[in-house]
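Subject: Structure handover

Hello,

Please find the structure below, with the sequence. My notes on it come after.

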Amino acid sequence: MSKVVPCMWFNGDAEEAAKFYVSLVPNSAITHVQRNVSDGPSGKEGSVLVVEFSVAGQPLVALNGGMKMEYTHAISLMIHCDDQAQVDSVWNAFLAHGGKEEQCGWLRDRWGVAWQVVPKVMFEFLSSPDKAAAARAMQAMMKMVKLDVETLRRAFEGKSAA
């Protein structure tokens, strides 16, 4: 069966990016590295052309396209984190490797790719039948840079900040 696999464009450092991405969360791995069979815009013969990999089981491809391309917020990659410890770990890894914080759980990695680092519980809060509680959680999130599970929970429950 066919499937959709996002392809990310890099300028010579696709393998470095893929290695970093697979270090972020469990169930991630590089599955194949395709080298250039001849000299071309993407590099010299034998250099890396394409890296197939997965992050948290999601297949992705990194392509050395031969020139710098800019990423926009029109598409981003989201990591659903199990808890605050995982949010902190992933967030800090991005920052330690040249990433830049944005807002509402968003950041950009050193290659300019937009990522969202979101605790799974956020989706529970937002899909709650208690619309007022969901709205409180959303308002709390809108004031954050890195998402904080406890602050979100307190807002959802209608409790004041500790």
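Predicted model: local features only at pLDDT ≥ 70, side-chain atom pairs only at ≥ 80, totals over all residues.

Residues are numbered from 1 along each chain as its sequence is written, and side-chain values use heavy atoms, with hydrogens and water left out.

Overall: the protein has five helices and eight strands (DSSP runs, H or I of at least four residues for helices and E of at least two for strands, numbered from the N terminus). Their order from the N terminus is β-α-β-β-β-β-α-β-β-β-α-α-α. The C-alpha trace spans about 60 × 35 × 25 Å along its principal axes. The accessible surface is about 9100 Å², and carbon and sulfur atoms hold 56% of it (Shrake-Rupley method, 1.4 Å probe; for residues, only the protein chains shown count as cover). Of the 162 residues, 40% are buried (buried is under 20% relative accessible area, exposed over 50%, partly exposed in between, with a 1.4 Å probe and protein chains only). Among contacts (heavy atoms within 4.5 Å) with a separation of 6 or more, 56% join residues 24 or more positions apart.

Alanine 14: this residue lies in helix α1, residues 14-22. Alanine 14 counts as buried because its relative accessible area is 0%. Leaving aside residues up to four places away in sequence, alanine 14 touches Val51, Ala62, Leu63 and Asn64. Aspartate 88 is 74 residues from alanine 14 in sequence and 25 Å away in space, C-alpha to C-alpha.

Methionine 138: this one sits in helix α4, residues 131-142. Methionine 138 is classed as partly exposed because its relative accessibility is 30%.

Helices α4 and α5: the axes of α4 and α5 (residues 149-157) come within 7 Å and cross at roughly 145° (axes are lines fitted to C-alpha atoms, for helices over the stretch in contact, and angles run from 0 to 180 degrees between N-to-C directions). From α4, the contact is made by Ala133, Ala134, Arg136, Ala137, Ala140 and Met141, and from α5 by Leu152, Ala155, Phe156 and Glu157.

Regards
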